[in-house]
Amino acid sequence: MRSFLEEVVASAKGKYGDLGQVVFVLPNKRAGNFLRAALGKASEEVRMAPEIYSIEEFVEQLSGIAYAPQDQLLFLLYESYLKLDLPNKDTFEAFLKWAPTLLQDFNEVDRHLVNAKDIFGNLADVQELNHWSLAEEKTQLVQDYLKFWNSLYPLYQRFAKDLLAKGLGNQGMVYRRAVDSLAPYLELGRPHCFVGFNALNAAESRLIRALLESSNSTIYWDIDPYFLDDPVHDAGFFIRRYREQWNTLKDGGLEGVHRSYLAKKEIRVFGVSRSVAQAKYVGKILQDVHDSGAEAVERTALVLGDENLLQPIMNAIPQSIPHANITMGMPLSSTPLASYFLAFLELLRAHGDRGWFHKDLLGFLEHPGGMLDPEEQNGLQRLAAAIKEANRSYVDKAFLTVKTQGRAYIVERLMEADGATISQVLTQLQLLITHLRKLLSAKEDAMAMEELYRIQTVVNRLEATVERFPFVKDMGTLVQFFKELLAADSLDYEGEPLQGLQIMGMLESRNLDFETVIITSVNEGILPAGKVTNSFVPHDLKLRYGLPTYKEKDAVYTYHFYRLLQRAKKVYLLYNTEPDSLEGGERSRLITQLLTDPKRTDVREVIVAAKVGAAQPKVKEIPKTPALMELLREKMAKGLSPSALGNYIRDPMTFYKQDLLGIGEMDQVEETMAANTFGTIVHDALETLYTPILGDYITPAFLKGAKQDVPKVVKRNFDKTYGNSELARGKNYLSYHVIQQYIQRFLDQEMEHVEQNRVKLLGLELNLRMALPKPLLGQEVFLHGKLDRVEQCNGEMRIIDYKTGRVNASDVSVFLWEDIWREDRHKTAFQLLCYALMFSQGRDALPMRAGIVSFKNLAAGTMFFAKKASARAREKDPSITKDTLDAFLEMLYALLYEMTDTDIPFKEKK
C-alpha cells in the first residue's frame, strides 16, 4: 500500500506534470522531509524540486514580517503594558503570572481574525456582570479591577503597534498580516498543493480558500470516508465543516480521501500499570517487531502520548534495534545539570535573615553536578557533615566561610552571588559553567558537555535580555524566567529522519504513514487532553466569536489518532491502568470507541501485569560466619550494654545491624527534636540540677531552688545537645517547654517523697563495667553501661533509670525467669537487672531495689523490678538479693549461649 504522501505526489504529477513550479504547503517541517523522499522516489529524471513550506513558514513569507523571538515576547508585551495609563501597574514578576495567558489569547484572536475591539470589550462587560453588577458605588479596588479589563484592547493595540514598528509580530499578528497581504500574492497565479491539513484557524482557512478559488491549486485531505461520512465522528469534524462551507469543495469530490481504515488490521490494546511499566512493555513489543524482520522496524512509529516518557522509552529500546530517529528533544529542564543551576538560583532567592535553610543548601552541596572534582567533592562532603554535626537548621555565610576556607569553588560562587545584582549573579553562573566545562572536558562526557552548552546558551540569552530589558530586578523574576527558558529549550537528538525506528509526538506524526504503530499513554487527559483551557476568554464568548474550545481540541486529537490507524497493519495501544492527576485519567474514550465499533472486530484488549504469586513472607536470617563471630568477640571484649542486649531480645537482626555492624541512623540535621535527643536533654538537665547535692541528703529546700533553675538549665542543655537551636518557633518550642514541665513535675513528685523519707544521693551517671564470671568463645565477656542515679532511701540501696518513653509497672514484673529474655515487653526488667548486677560487683549493696522513672507515666512513681509468685499474683517481691542476681545470671548466660551458638543464625523476629 502506498503512503499518503506517495499518493499525493502521484496525483500532483498527473495534474501538473512538472512539479518544479508547484508550491507544497504542509502542516509541519517534518512532513516536508518525507515529501522530498516521495518526490525523489517518483522522479525518473533530474528535475527542479518544488518549493516546500510548513504552514508557518508560508504564512511568514506572505506577511512580510518576522516572528518575534519567543523568549522576548513577554518582555516586549511588558514594555507595551508600561506605556498604558493604568493605576498600580504590576511588577514584572507579578506580570509573568498572567501575561502568558493573555499573550495566548492575543494569538487566538488574531489567528481566527476576530474583531479584537469587540471581543475584549465584551470580556470587560462580562467581568463587570459576573462580579460587580449589584454594587451601587464601586470602590477604588473595583474601579481598578474593571479598568484593567477595559485596558486589554488598548494593550492589544499598543503591543501590535510596537511589534510592527520593529518589523516583528507574534504568531497571530503574522497570520492576520498574511491575510491582509494576500492580494498581491494571488496575482502571481502559482499553483499550490496543500497537503494533509485538518483543523485550520480562520486565517489559514481564508488563505487556502483564496488560493483554491483564484489559482490552479489543490488541497489533499488525509482522511477515510468512514469518518468523513459519519455525521458525529470527531475524526471528520473539521473536514465535514469545510466541505459544507467552501465553494470549491461543494461541487467536486475531496482529493486525498482513501478507503483503508476498515482493511484487515491487528489492533491490540494493553492496559499497563504506571508509565515506567509502559516503557518496559514497549521494549518487549519492539523486540517482537524486530524478530518478525529487521525491515519491519523501518516501517514502525512509536508515538508518545505523554512526551515525558521519552527518557524511560530510550532506556527500554532493545539493543537489537541499532537505529532510532527521535523527532522530539529532551526538555532541557529535565537534565541533571539544569536542576543543578536551578538549585543554585533557588538558593539565592531563598536566602533570608537567618541564612540558608539546611535542606536547600545540602541538596545543592550534595548534587551530582558539584561532585565532578574529587578534591572539591571531599570538601563539599566535609561541609555537609559539618552542617549535620552542628545541627544547624539555617546556615549563614559566616559558617560557610569558616568551614570551607576557600576550598570549595561552588560555595565561593554562591557567596559571591548572594546579595549581588542580577547582572553579577549571571556572571557567577558563567564562572560556574566555565568551571564545570573544564571538569567535563577532562572526563570526556559528551552528553553532559552538550547539556552544559545548551545551559550556557540559555544564560547568554538571559544576559542579553537583562541588558536590553531592565525589568528583571530580583531573584524571583530571574528564577521564573530561567525556568521558562529551560522548559522552552531542548536537547535535540541526531538521527536519520528516514531510517530506523521513528519516535515522535502525536503532532509530529501528521501526514506520515507506518505499517506498525505503537501509541503510549492513551488515557483521558492526555489523548485527548480534556477540558483544560488556558484563556481569559470564557466559553460562551469563544463560541460567539468562533474561537476553538475543548470540543475542537478533542476533535484534533481524535483526527490524529485515527489518521495513524488508517493505513497501519499492526497497532499497539498502551494505557495506564492506575490513573492519577500526573499520569492522566482513566482509559481514553478513543479506546472505548474502538472496542465498541461494530465494524472493528479485530480489536483485542489485554491487561498486562507482573506475575505475582502468593509468596510466603521470608524471614531474614544471617548465618554466623567466622568473620561475624570475630565481630561478636570484639563486641563482648569491649562490653555488651543493657541496650545492646535489649536489641537482641527485641530482634536479633537489629542487634546484628546496629551493635555488630555499627549501622545506625543516617546523620542528618534535626529540624524537630528526635526522641533520643529529647531523652539526652532530660538526662543532662537532671544531672546538672542534682550534681550540687551529690553525696548529701535531698531536701525540700534544695528541690524548691532546683525547680526555679529548671528553665535556664534546660535551655543550656538544649543548646549543648541540639546545636543551633530554634526555640522561638515550631515543634522545638513545644519540645522545649514539654521538657521543662516533665522535670518540674518530677521535682514536685520528688519533694513529696523526701518529705516522708530520708533520701541520700550517692551517684549520678555512673559508668559501670564488669567481667562476667564465666568466659565465652575462649575469652572474657564484659558488661558496661551508664547508670542514671544511685540513692539510699531510709538505709535501702536503690538504683534508678530514667526513661522519657512510656513504661508500665507490668513491664518490670516477672513471673518466669526465662520470660525476661524471651519476651520483648520485659526488656526493661532485663536492663534493670543488668545494672543491678554490675553495680553490686565489689560493693556491699545487697539487698537493693532497681527502679524505672517513666516521664510519660510519672503518676506511677518509681516502678521497681519485682518477682511474682504466679502470673496473676498481686503480691510482688521488689528486693534484689544474691539469689535474685544468681538466677538472673543463669538466664543471662542462656541468652549469651544462644547469641554465640554458630548453629543459630541471627534471625529476624516477625
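At 7% relative accessibility, Asp-489 counts as buried (buried meaning under 20% relative accessible area, exposed over 50% and partly exposed in between, with a 1.4 Å probe and protein chains only). The structure is a predicted model, in which local features need pLDDT of at least 70 and side-chain atom pairs count only at pLDDT 80 or more, while totals for chains, interfaces and linings use all residues. Residues are numbered from 1 along each chain as its sequence is written, and side-chain values use heavy atoms, with hydrogens and water left out.

Asp-489 sits in the loop that links helix 25 (475–488) to strand 13 (490–491); helices (H or I, at least four residues) and strands (E, at least two) are DSSP runs, numbered from the N terminus. Its side chain makes a polar contact of 2.6 Å with that of Arg-454 (a polar contact is a pair of N or O atoms within 3.5 Å; within protein, one must be able to donate a hydrogen and the other to accept it, and residues adjacent in sequence count only if both atoms are side-chain atoms). Apart from neighbours within four places in sequence, Asp-489 is in contact with Met-330, Pro-331, Leu-332, Arg-454, Val-458 and Arg-461, where contact means heavy atoms within 4.5 Å.

Seven strands form an open sheet in the order 9-14-8-15-16-7-17, with parallel pairing; two strands pair if DSSP finds at least two bridges between them. Strand 9 (324–326) and strand 17 (603–608) stand at the edges with a single partner strand each, so one side of each is left without a neighbour in the sheet. From one strand to the next, the twist averages 15 degrees (axes are lines fitted to C-alpha atoms, for helices over the stretch in contact, and angles run from 0 to 180 degrees between N-to-C directions).

Helix 15 (residues 275–291) packs on this sheet, where it touches strand 7 (266–272), strand 8, strand 14 (501–505), strand 15, strand 16 (570–576) and strand 17. The direction of helix 15 makes about 165 degrees with that of strand 16. Helix 27 (residues 550–566) also packs on the sheet, touching strand 8, strand 15 and strand 16, and its direction makes about 150 degrees with that of strand 15.

The pairings can be followed strand by strand. Strand 8 (residues 300–304) and strand 15 (residues 516–520) run parallel and are joined by five bridges, with Leu-304 standing opposite Thr-520 in strand 15. Strand 7 is joined to strand 16 by seven bridges and to strand 17 by six bridges, and it runs parallel to strand 16 and to strand 17. Ile-267 illustrates both pairings: its bridge partner in strand 16 is Val-571, and its bridge partner in strand 17 is Val-603. Five of the seven residues of strand 7 are buried, so this strand is largely enclosed by the rest of the structure.

Helix 1 (residues 4–16) has 13 residues and reaches 18 Å from its first C-alpha to its last, close to the 18 Å expected at 1.5 Å a residue; the expected span is 1.5 Å times one less than the number of residues. Its buried residues are Phe-4, Leu-5, Glu-7, Val-8, Val-9, Ala-12 and Tyr-16. The elements that cover them include strand 1 (23–26), helix 2 (29–42), strand 5 (192–195) and strand 6 (218–220). Just after helix 1, Gly-17 takes a positive phi of about 75 degrees.

Helix 8 (residues 152–165), with 14 residues, reaches 20 Å from its first C-alpha to its last, close to the 20 Å expected at 1.5 Å a residue. Leu-152, Leu-155, Tyr-156, Phe-159, Ala-160, Asp-162 and Leu-163 are buried in helix 8. They cover an arc of only 165 degrees around the axis, which puts them on the same side of helix 8; the arc is that of the directions from the helix axis to the C-beta atoms. On the other side of helix 8, Lys-161 and Ala-165 are exposed.

Leu-645, in helix 30 (residues 642–650), is buried, with a relative accessible area of 0%. Its contacts, leaving aside neighbours within four places in sequence, are Leu-640, Leu-783, Phe-830, Cys-834, Leu-892, Leu-895, Leu-896 and Met-899. Glu-634, in helix 29 (residues 626–638), counts as partly exposed at 38% relative accessibility.
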